[in-house]
Amino acid sequence: MGDHLALSRAEPREVRRSRPLRRACRLLWGYADPPAEGLSVAGRVERVSRTPQGQRASLDKQPHEVAAMFDGVAERYDLTNTVISLGQDRSWRRATRAALGLRPGERVLDVGAGTGVSTRELAQSGAYAVGADLSLGMLYAGKRARPEVPLLAGDALRLPFADASFDAVTISFALRNVNDTDAALRELARVTRPGGRLVVCEFSTPVNPAFRTVYLSYLMRSLPVVARAVSSNPEAYVYLAESVRAWPDQAALAGRVAAAGWGRVAWRNLTGGVVALHRGIRQ
């Protein structure tokens with residue numbers, strides 16, 4: 001599909017009412033105009049987008065802090081991710097697409113889409129992929145780099161979609177940044193049809209004890225140094241290291257996914273458990 005949802009640089013508080021947008025909205029919501037509730041996120045992000053670069057969010061993950069932090073990394077976000085992951089980010093995106101089992105014509109929501117590089121990967125399946133993110137800075141960077149990718153402002157705790165809108169949903173490296181993980185998992189379930197699929201791609205706990213020690217040392221010591229060389233906001237990667245260390249392991253996260261209304265929950269480790277894919281079916 002060529003139609004897409006896009007943010008207007010000239011109108012940060014609302015999405016441009018273009019003809020392609022109205023057709024996309026009719027497809028997703030059943031009527032032509034996007035709901036105002038979902039677009040209120042743009043106003044909240046705009047208020048904090050003036051925060052100076054160099055800010056990092058605290059581990060209580062207040063939405064305005066998270067949005068401001070990602071606004072600060074937006075310009076070099078994709079490059080930085082490739083560098084700090086040693087190029088593994090590409091294979092993780094491919095694995096996420098494969099785990100969703102998307103078919104042509106299905107609708108998939110990519111939450112925490114950032115600049116839309118993950119959304120573009122999902123669209124290669126032939127499904128209609130829509131990306132949502134809290135940070136306007138990330139969305140603007142994505143619109144410049146990938147104008148063909150449908151992107152809109154959206155909060156993982158209040159997604160701007162009707163119930164059961166999507167055949168599949170995914171959230172990659174963003175669930176960890178939400179201040180209420182369980183509520184976000186329930187919200188993902190709300191917008192997914194019964195029988196629809198979820199894949200969470202997130203940093204996790206390496207399974208080999210020796211490798212885990214090396215990995216944690218890289219996170220806390222080397223990663224901030226590398227980020228200072230390539231990132232527009234290196235402090236954000238100190239937050240990344242801290243939030244990964246505080247994140248639940250594979251089994252604990254699987255329990256939370258199941259408790260949020262997802263069935264047949266399972267996980268698969270990638271890169272020795274540095275990343276894990278958690279899958280579930282909407283009950």
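This is a predicted model: local features need pLDDT of at least 70, side-chain atom pairs count only at pLDDT 80 or more; totals for chains, interfaces and linings use all residues.
## Helix H11

Helix H11 spans residues 250-259. Its buried residues are Gln250, Leu253, Ala254 and Val257. Viewed down the axis of H11, they fall within an arc of 105 degrees, so they line one face of the helix. An α-helix has 3.6 residues a turn, so residues three or four places apart point the same way.

The cover over these buried residues includes helix H8 (181-190) and strands S5 (192-203), S6 (262-270) and S7 (275-282).

S7 pairs with S5 in the antiparallel sense, over seven bridges. Here Leu198 stands opposite Gly280 in S7.

S6 and S7 also run antiparallel, joined by seven bridges. Leu270 stands opposite Val275 in S7. The two strands form a hairpin with four residues between them. In the turn, Thr271 has a positive phi of about 50 degrees.

## Nonpolar cores

The largest nonpolar core has 36 residues. Val108, Phe203, Tyr237 and Leu240 have the most contacts inside it. Elements giving two or more residues to this core include helices H3 (63-73), H9 (209-230) and H10 (235-246), along with S5 and S7. H10 gives the most, with six residues.

Beyond its neighbours within four places in sequence, Leu240 is in contact with Ile84, Arg176, Phe203, Leu219 and Leu223. Another core, of 27 residues, lies apart from the largest one. Among its residues are Val169, Ala189, Val200 and Val257. Val257 is also one of the buried residues of H11.

Terms used. Residues are numbered from 1 along each chain as its sequence is written. Side-chain values use heavy atoms; hydrogens and water are left out. Buried means under 20% relative accessible area, exposed over 50%, partly exposed in between (1.4 Å probe, protein chains only). The arc is that of the directions from the helix axis to the C-beta atoms. Contact means heavy atoms within 4.5 Å. Two strands pair if DSSP finds at least two bridges between them. A nonpolar core is a set of buried Ala, Val, Leu, Ile, Met, Phe, Trp, Tyr and Cys residues joined through side-chain atoms within 4.5 Å.
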